[in-house]
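Below is a brief structural report.

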Amino acid sequence: MKKALKAAALGTLISAAISAPAQAADYTLRFAHFWPAVSSVHKEVFEAWAESVSKASDGRIEVQIYPGGTLAKPPAQYDAVVNGIADMTTTVLGYTANRFPLTQIVELPGVVKDAQQGSCVVEKLYEEGVIADEFKETHPLFLFTHGQGHLNLTDKVVKEPSDLAGLRIRRPTAVVGKLLEGLGAQPVGMPAPESYQAMQRGVIDGVALPWEGVKSFRLNELANTHTEVGGLYSLTFIVTMNKRVYDSMPDDLKKVIDENSGMVWANKTGAVFDQIDGEGRKDAVAAGHTIVTIEGGAENPKWKPVLDAATESYLQELEDKGLPARDVYKRTLELSKLCQ
């Protein structure tokens with residue numbers, strides 16, 4: 001009888017343990033971004049970051065990810081963190097025009113060789129304090145870039161700037177818009193997630209995106225010609241957090257966030273983007289797409305004068321506003337060579 005009672009009691013305890021809810025996290029961070037949930041960027045960068053933080057905090061920090069712009073639309077994601085609508089985001093800095101002008105110097109032609117190198121450049125600029133003043137409204141975790149951006153079009157082959165005349169090309173930021181305008185194209189501003197539908201409807205003739213973006217947003221289904229102008233541009237991104245939320249954390253949990261920040265994660269993210277760039281290009285080759293690679297890239301004599309003029313125009317515009325654009329550009333080029 002005693003054995004039966006003990007067995008029943010043990011069974012009750014086990015049942016209770018199984019049915020008991022998991023201990024609630026001390027902090028639940030709502031993390032907004034615009035990549036699709038099925039994308040490698042979502043899985044290999046942001047889900048991996050969330051898992052790392054959860055593990056390091058013994059489950060005291062939970063990260064709820066809202067992909068695809070479900071919590072806030074791409075242009076509004078940075079402000080969503082400032083205003084506490086989201087606790088975290090990763091977004092394109094140029095989606096908020098004129099807000100991060102010095103950081104966007106990294107987007108100019110000839111700076112970024114690949115995502116890992118570009119991520120090193122922009123993260124070092126932040127850590128050295130060169131661009132840190134642009135991010136006082138939030139608590140930045142790390143910055144990164146995608147790889148080199150290219151021109152991806154439907155049934156139109158671009159071999160030199162004159163081939164772009166009159167073509168409606170999606171531009172991600174105002175900086176890239178100036179480059180495209182100088183090349184003779186008609187830049188059309190829109191976030192990456194809107195590109196597929198715009199291209200499908202014929203609103204635009206093509207998009208400026210890296211191979212990663214072409215793959216992540218399924219543009220390889222529509223764009224069948226691609227022009228690689230090495231060093232044409234590359235976008236800057238940030239992963240950042242609401243300051244009040246970070247400041248409210250105890251020191252041991254702040255340490256968890258700090259240890260999942262900085263150059264380590266900038267480097268990891270760049271490596272993932274480079275990997276996806278390779279996959280996106282392979283997809284285009286396998287599909288029989290036309291790929292034009294411009295000899296010398298941004299240094300090609302037919303492309304260089306236009307790109308140099310756009311660079312000079314952007315730097316002068318910032319200098320006219322009293323910003324130390326040329327000093328930042330000089331340091332950016334130095335880091336471009338050091339970050340190999």
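## A parallel pair

Strand E6 (residues 168–171) runs parallel to strand E8 (residues 206–209), and two bridges pair them. Two strands count as paired if DSSP finds at least two bridges between them. Strands (E, at least two residues) and helices (H or I, at least four) are DSSP runs, numbered from the N terminus. Within this pair, arginine 170 stands opposite valine 207 in E8.

This is a predicted model: local features need pLDDT of at least 70, side-chain atom pairs count only at pLDDT 80 or more, and totals for chains, interfaces and linings use all residues. Residues are numbered from 1 along each chain as its sequence is written, and side-chain values use heavy atoms, leaving out hydrogens and water.

## The sheet and its helices

The open sheet has six strands, ordered E7-E6-E8-E5-E9-E11, with mixed pairing. Strand E7 (186–189) and strand E11 (290–293) are the edges; each has a single partner strand, so one side of each lacks a neighbour in the sheet. Neighbouring strands are turned by 25° against each other on average, direction ignored. Axes are lines fitted to C-alpha atoms, for helices over the stretch in contact, and angles run from 0 to 180 degrees between N-to-C directions.

Helix H5 (residues 174–182) packs on the sheet and touches strand E5 (150–153), E6, E7 and E8. The direction of H5 makes about 155° with that of E6. Helix H10 (residues 263–286) also packs on the sheet, touching strand E9 (225–228) and E11. The direction of H10 makes about 125° with that of E11. Contact means heavy atoms within 4.5 Å.

## The disulfide

A search of the whole structure finds one disulfide, defined as a pair of cysteine sulfur atoms within 2.5 Å. Cysteine 120 and cysteine 339 form it, with their sulfur atoms 2.1 Å apart. The link is left-handed, with -60° about the S-S bond. It joins distant parts of the chain: cysteine 120 sits in helix H4 (residues 115–127), and cysteine 339 in the segment after helix H12 (325–338), 219 residues apart.

Are the two cysteines buried or exposed? Cysteine 120 counts as buried because its relative accessibility is 15%. Cysteine 339 counts as buried at 4%. Buried means under 20% relative accessible area, exposed over 50%, and partly exposed in between (1.4 Å probe, protein chains only).

## Nonpolar cores

A nonpolar core is a set of buried Ala, Val, Leu, Ile, Met, Phe, Trp, Tyr and Cys residues joined through side-chain atoms within 4.5 Å. The largest has 67 residues; Trp35, Trp49, Ile61, Leu164, Met241, Ile257 and Trp303 touch the most other members. Helix H2 (residues 40–56) gives the most to this core, with six residues. Beyond its neighbours within four places in sequence, tryptophan 303 contacts residues including Leu151, Val158, Leu164, Leu183, Val229 and Ile294. A second, separate core of 27 residues includes Leu102, Ile105, Val106 and Cys339.

## A loop residue

Leucine 323 lies in the loop between helix H11 (304–320) and H12. Its relative accessibility is 25%, so leucine 323 counts as partly exposed. Not counting residues up to four places away in sequence, leucine 323 touches Pro101, Leu102 and Leu318.

## Whole chain

The protein chain holds 12 helices and 11 strands. Its C-alpha atoms fill a box of roughly 95 × 45 × 35 Å, taken along the principal axes. Of the 340 residues, 51% are buried.
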